[in-house]
Amino acid sequence: MKSRNMMRKRYRQLVLFTSPALAFFLIFAVFPLMGTIYISFFKDAVFVGLANFKFLFTDDNSSTRLLAAFLHNCEFFAIAASVQIPLALFMAALLTSGRVRRLTGFYRTLLFIPSTLSVVIVGFIWRLIISPLWGIVQYPLLGEKTTALPTITLMSVWQYLGIPLVFLYSALLSIPSNIIESARVDGASDIRIFFRIKIPLIAPQIGIITILTFIWTFNGFDIIYALNGGQPGPDFSTDVLGTLFYRTFFGWDADQGNQNLGAATATVIFFIILLGTAAYFAIVQRRLKVSQL
Amino acid sequence: MIQKDGRIQTQSKNLLVHLCILFFVLIAIGPIIVIIINSFKTTDGIFSGPLKLPDSKTFSLDGYKRAFENGNFIRNYINSTIITVGSTLLTVVCSCLAAYGITEYATKLAKMIAGLFTIGIMLPVTLGTVVILKMMVRFHLLNTHISLILVYVGISVPLGVILMVTNFRTVSNDLKEAARIDGANEFKTFLIVLPLVKPGIAAVAAITMLPIWNDLWFPLILTTGPKTQTLTLGIQQFVGVHTNDWQALIASLVLGAIPLILLFTLFSKQFIKGLSDGYSK
């Protein structure tokens, strides 16, 4: 009897302490997401089933835009992941190599500074640096369809390199030193230790930072909007799902925004992210954890 | 002799590593330094030799003067400060309370709540913007600081809770038991324990602040009015409209970046702790 009362008291305290955080999270994060899925089945307050999605996927103009934006996101992610993560890993390896000693913190802080800037500033800095006005780069990188998206992606890589760097740096530091020592006693070289011991040990963290990059890039909007606005040119060549969503929902120039179509676009993006993340956790992350043992 | 060779070899390897990192450091902060240098130049100076230091001919503070004369600039600064500080405070308070609850009253429900917040870290909340806008219109909160603060707390709280849970786990039970024996109620006990998790609080604050100050999406949707515009949005619009006044533009970019660079340099340890602890779950 007494313990039952104790239990009840514990539950009451738990609810009391967690309710402010839960309220904010449920009302301003979970509810809007669920609500967005809900209203994507409506058109002007009338239930229309999957009509909005049918429009997005079959209307000539909008299906072209959707597919193009999706492919641009894939390209963005592919470049970001394949440049950013190996580079970050390399730098983290240098910082934790034991050859930098006292300057480690100093370097780490400097390398992270670009990540503290807003995309508006990053976009402007790089646009000015590569603009023909300054003449450092002669080629109009942002003006050509083939180079615009890779250029913007690399700006983003420059800005956010610090995040995987810091993340992998902490992962490398947490490797027990006795493992490394015994390998060294066995005569393994630094490079061999890095590839054969350290990388397999931090594989789960490399996996997590990859999936976070996936979520961030598919949810991304800021850098493209900051540089090219809501109708990102040239000729939509830098349009991504985020800007497509903004345009569909909020409108741009002569195009009227549409709440329900916007919600449907957001729902599509949400499911792309959800599927990608779920597939990753089901297939890759589990194996990484097993191989760690 | 062999030992000496070995030492020289080690030293040259060390030097190589330093040079390699310095190269990356240069790429990381070079562009920022170029922009800072150019913020002290005349328009002519900016374009005739962008990579040159200002000399007696090209030195000018007009950009900064005009940036401050632009009435919106200071107001945007204040808006961003109110929104960032408000959201961060609320996030820290809510996260501490929730994390204490989760660690202290460890039940099945507590585990479920913790799981919910763990998923919440990865939730792409911007995709719920259509409904967020509807809610804010409904409650007449459009173009208010509160609208942004509410959304930012909702987004930031999951990571804050998870970080604080790892911190509260390290607190020993002795202090809590002692407090309870002294007759402190649960909330009082919480307050007594709180100083022990200060490093965690600093980490949560640091990692919450940065994306809020730099956010462009929600200000673009919720606070476009001139009175509540944030600095990031203000600069974005300044870049769009006043592309002729390069001096003022570059100066305002520098002024916009400085607070966070300073804050980060001061709190980089806490920030890095927050980042690596929070996402490694």
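Reply: Happy to! Let's begin where the chains meet: 65 residues from chain A and 70 residues from chain B take part in the contact. Two residues are in contact if their C-beta atoms, placed from the backbone, lie within 7 Å. This is a predicted model, where local features need pLDDT of at least 70 and side-chain atom pairs count only at pLDDT 80 or more, while totals for chains, interfaces and linings use all residues. Residues are numbered from 1 along each chain as its sequence is written, and chains are lettered from A and ligands numbered from 1 in the order in which they are written.

Me: Which helix gives the most to the side of chain A that touches chain B?

Reply: Helices here are DSSP runs (H or I, at least four residues), numbered from the N terminus. α1(A) gives the most, with 19 residues.

Me: What are the domains of chain A?

Reply: Domain bounds come from an automatic or database domain assignment. In chain A, domain 1 covers 2-39 and domain 2 covers 54-292. Their centres, taken over C-alpha atoms, are 33 Å apart. Between them, 4 residues of domain 1 of chain A contact 6 residues of domain 2 of chain A.

Me: At what angle do α3(A) and α10(A) pack?

Reply: Axes are lines fitted to C-alpha atoms, for helices over the stretch in contact, and angles run from 0 to 180 degrees between N-to-C directions. For α3(A) and α10(A) the angle is about 145°, and the axes are 9 Å apart. Among the residues that meet are A:F76 and A:F77 in α3(A), and A:I206 and A:F214 in α10(A). By class, this contact has 9 nonpolar, 5 polar and no charged residues.

Me: Is helix α8 of chain A largely in the open or buried?

Reply: A residue is buried if 20 or more other C-beta atoms lie within 10 Å of its own, exposed if 12 or fewer, and partly exposed in between. Of the 9 residues of α8 (177-185), the number buried is 0, so this helix of chain A lies largely in the open. After α8(A) comes A:G187, with a positive phi near 90°.

Me: Why is B:H140 exposed?

Reply: B:H140 is exposed because 9 other C-beta atoms lie within 10 Å. B:H140 sits in the loop between α6 (129-138) and α7 (145-168) of chain B.

Notes:
Helices (H or I, at least four residues) and strands (E, at least two) are DSSP runs, numbered from the N terminus. Ala, Val, Leu, Ile, Met, Phe, Trp, Tyr, Cys and Pro count as nonpolar, Asp, Glu, Lys and Arg as charged, and the others, Gly among them, as polar.
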